Amino acid sequence: MTEVNSPPRPGGWTRFVTARPRLSLLVALVLTALAVVAGSGVADHLGSGGWEDPAAESSYATKALEREFPASQPNLLLLVDAGRASVDDPAVAAEARDLTSRLAAEKGVTGVGSYWQADASAAPALRAEDGHEALIAARVTGDENTMAKTLDRIAPHYRGTHGRVQVRIGGIVAVRHEMQTIIKEDLTRAELIALPITLVLLVMVFGSAIAALLPLGIGIVAILGTNAVLRGLTTFTDVSVFALNLTTALGLGLAIDYALFIVRRYREELSTGAAPLTAVGATLRTAGRTVLFSALTVAVSLAAMMVFPQYFLRSFAYAGIAVVLLAAAAALILLPAALVLLGHRVNSLDLRRLFRRGRTPGPADGTAWARTAGLVMRRAPLFALGTTVLLVTLGLPFLGVKFGTADDRQLPSTAESHVVQQHIREDFPGSPGGGLEILAEGRATAAQYAAYKQRVAALPDVVRVDGPLVKGDAAYFTVQPGGEAVDGAAQRLTGDLRALHAPFGTKVTGTAAVLVDTKHAIAGRLPWAAAFIAVVTLLLVFLLTGSVLIPIQAVVLNALSLTAMFGAVVWVFQDGHLSGPLGFTSPGSIETTLPVLMFCVAFGLSMDYGVFLLSRIKEEYDRTGDHEAAVRHGLQRTGGLITAAAVILAVVMVAIGTSRVTNTKMLGLGIALAVLMDAMVVRSLLVPAIMRLTGRATWWAPAPLRRLHDRFGLGEGEAPAPRGAAGNGATGHGEPELATRSGGSLTL
């Protein structure tokens with residue numbers, strides 16, 4: 001017979017992760033070192049595009065034009081500035097022709113043309129209206145990495161002063177290469193900002209420097225491991241350089257969240273007098289299962305981006321899933337091993353004693369959070385209505401969202417390629433490179449081409465039609481719309497051109513056409529992504545709680561917590577408010593894929609905090625059967641933890657948001673706002689208010705679902721203490737017992 005005071009035997013998972021803790025940590029150290037080697041230089045293998053749908057009409061036409069008519073798709077522009085002289089000055093023209101000839105002879109460059117070699121119909125578009133600047137256009141061939149290497153090789157020979165002219169480099173290749181370079185530099189700076197601040201905050205939360213270093217260690221392992229995974233993926237598919245930002249943010253943020261939750265619970269168990277091994281076992285059965293559920297819910301939200309065809313979005317799914325799973329694995333395998341070795345020394349090096357002046361602090365028992373929960377539940381209708389109205393109001397600006405494409409205006413105003421493209425927009429007629437191209441396929445006569453050209457020219461919003469340039473059975477026309485390259489008129493013109501009948505096959509591409517196709521691809525797959533997130537989240541939260549209502553509440557409240565983020569994105573980054581202090585140029589629109597990305601990431605992080613709170617409420621409700629006391633206890637035990645985790649993650653995201661690339665700035669600052677709103681408004685005010693209004697019905701489930709949860713729900717490895725009246729299987733309030741059983745459940 002087991003003695004009353006003997007500690008319980010550790011469960012299977014606990015035995016596995018604590019049997020040889022030193023060996024576990026040594027293996028982790030070796031694997032991390034290998035990940036450093038495997039992931040080194042990963043940024044050099046990542047792309048800076050990926051916003052287009054590869055199966056769209058515009059993508060097909062672009063590739064066909066690149067192959068058959070490379071001069072029609074210039075991606076490199078040399079802006080030749082003659083100073084006070086005219087571009088038609090003989091000395092200027094001679095220097096420009098020499099530059100054009102040299103560029104045409106470069107390896108990896110094709111389709112070279114310039115104002116000084118263009119025919120009479122095309123020349124005006126390549127000459128600035130003031131006559132002091134003109135363009136040399138070319139196409140750099142190969143994939144993104146090959147184009148970047150070509151640009152690195154040739155740019156120094158063309159940039160700068162050549163005789164009487166000054167040359168600056170622009171075009172899509174230059175924009176993307178400069179964006180990639182800036183992102184890598186900014187990411188390094190963000191890490192240097194975030195790591196020391198995060199360490200200080202962790203010391204403030206834990207007091208112990210030893211305990212504070214554990215979450216950082218888990219985050220570093222997750223980040224380095226994910227870099228190795230991304231490097232491996234680049235050998236099979238395209239991966240966006242923007243994914244590195246998510247790797248850093250989630251690697252630090254989630255690892256810190258998970259480690260905070262586990263270390264905090266471990267210290268609680270130690271404070272009750274439990275031995276270190278016993279404390280680790282209890283921690284894994286409670287906080288460990290929460291971390292597992294949290295990782296699954298975050299991974300589900302990020303996995304939804306896999307349904308979209310753009311590799312920009314898919315890259316974030318690759319990086320996000322990898323970093324989430326690695327962070328959870330490190331927290332559930334390496335952290336318990338470290339805690340067993342540290343034992344009570346996890347509380348060592350309490351740096352807060354330096355500021356206590358000899359005073360002994362009271363326990364951090366969360367009484368302030370308990371009082372907050374009590375106040376909110378006493379005024380539940382007021383808090384529920386007030387916070388809902390506030391969140392909806394903050395989200396109203398998103399109703400005026402305008403979707404656009406990522407262009408040079410993502411870069412700082414001083415970036416060379418941004419300067420060149422801005423000159424072209426402002427000083428050149430018709431914005432060269434911003435028109436629409438029509439690929440004509442199939443045999444046709446000159447008369448048929450001419451008739452088609454007349455019909456195109458007669459369409460609304462068409463300023464000029466050039467072409468056709470014929471090569472075998474293919475030809476292409478260039479259509480210059482009025483206004484901006486991607487405004488509403490250009491998008492309508494795309495539809496008109498595609499609807500226009502022709503005696504040969506036609507495909508339309510160009511900036512506006514790519515935007516139209518991107519919006520169509522996202523709109524067509526967005527319901528599937530949303531349904532995937534909702535259904536799997538509902539299932540996971542049901543397995544956690546055994547309730548029908550709580551999963552619905554979780555999905556709705558999480559979505560509501562994102563309204564402030566979306567409203568701020570439009571108010572700040574589209575409408576340009578605060579653009580001066582934040583240091584960016586507003587293009588007047590939001591890149592089409594970015595709201596999808598921000599929703600998936602922010603929704604996953606909201607579920608992360610939701611699971612932390614719900615698991616503690618469920619644990620207390622199973623123990624006592626008192627609904628309101630369980631809500632109050634759950635917020636008391638996790639309110640400070642969730643807030644601390646949210647502040648630390650917000651610090652990381654704000655550090656990412658210091659980037660000079662607008663999309664990265666938007667991603668970092670937007671998600672930081674969403675995280676803080678979720679922790680400080682939704683979890684602290686709205687959740688307890690709603691749970692008070694729904695009362696004990698919160699935990700209801702029909703009998704078949706209760707049986708399903710009893711068998712497959714994620715339990716803690718042991719049946720909870722009985723609630724309510726003894727022996728009758730009831731809660732004491734006439735409601736069926738909903739406690740999680742250990743039989744058949746996944747246990748930690």
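Predicted model: local features only at pLDDT ≥ 70, side-chain atom pairs only at ≥ 80, totals over all residues.

Is Asp466 buried or exposed? Asp466 has a relative accessible area of 18%. The cut-off for buried is under 20%, so Asp466 is buried.

Arg464 and Asp466 form a salt bridge, with the closest N and O atoms 3.1 Å apart. Arg464 is partly exposed, at 30% relative accessibility.

Next, select Arg265 and Glu619. The two form a salt bridge, and their closest N and O atoms are 2.7 Å apart. This pair links distant parts of the chain, 354 residues apart. Arg265 sits in helix H8 (residues 243-271), while Glu619 sits in helix H20 (residues 594-624). Arg265 is buried, at 8% relative accessible area. Glu619 is partly exposed, at 21% relative accessibility.

Move on to Glu185 and Arg660. Their side chains meet in a salt bridge, 2.9 Å from N to O. Glu185 belongs to helix H6 (residues 172-206). Arg660 lies in the loop between helix H21 (627-656) and helix H22 (662-694), so the pair ties together parts 475 residues apart in sequence. Both ends are partly exposed: Glu185 at 43% relative accessibility, Arg660 at 33%.

Last, zoom out. How many salt bridges does the count come to? The count is 27 salt bridges. Among them are Arg464 with Asp466, Arg265 with Glu619 and Glu185 with Arg660.

Note on methods: Residues numbered from 1 in each chain as written. Heavy atoms only, no water. Salt bridge = Lys/Arg side-chain N within 4 Å of Asp/Glu carboxyl O. Helix = DSSP H or I, 4+ residues; strand = E, 2+ residues; numbered from the N terminus. Buried < 20%, exposed > 50% of the residue type's maximum accessible area, 1.4 Å probe, protein only.
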